[in-house]
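Please keep the sequence and the model in view while reading.

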Amino acid sequence: MAIGKQCKITQTGGLKQILKRCSSLGRKQHENIDYNGVPKGHFAVYVGEHRSRYIIPISFLCQPEFQYLLQQAEEEFGFGYHTGLIIPCEEVVFQALTASLMR
């Protein structure tokens, strides 16, 4: 049971780190949009070979499908970079996933 708690704590720490770096939370805002054009309650990710930018709701972080992508991102890139959250996924797959999560 202690292992499960530790995993949740580690995941929570990773999610906080993601939100801090990529979201509009915690930044001074003008008309609910931060200086990178990210609306309040959203964050930017970069997907695919060409690193296309997508703005997605923070609520996606609670979805198991999206958490899987975050685990893949951490394994491949780590969370120590400052260029934004890169999701190691083809754009077409990411678009299908996000469309299904929007429903």
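Buried here means under 20% relative accessible area, exposed over 50%, and partly exposed in between, with a 1.4 Å probe and protein chains only. The model is predicted, so that local features need pLDDT of at least 70 and side-chain atom pairs count only at pLDDT 80 or more, while totals for chains, interfaces and linings use all residues. Residues are numbered from 1 along each chain as its sequence is written, and side-chain values use heavy atoms, with hydrogens and water left out.

T98 counts as buried because its relative accessibility is 12%. The table lists the strands and helix against which the buried residues of α3 pack, with contact meaning heavy atoms within 4.5 Å.

| Element | Residues |
|---|---|
| β1 | 42-47 |
| β2 | 52-57 |
| α2 | 64-77 |
| β3 | 85-87 |

The buried residues of α3 are F94, L97, T98 and L101. They cover an arc of only 95° around the axis (taken from the directions from the helix axis to the C-beta atoms), which puts them on the same side of α3.

Leaving aside neighbours within four places in sequence, T98 is in contact with I56 and F60.

How values were computed: Helices (H or I, at least four residues) and strands (E, at least two) are DSSP runs, numbered from the N terminus.
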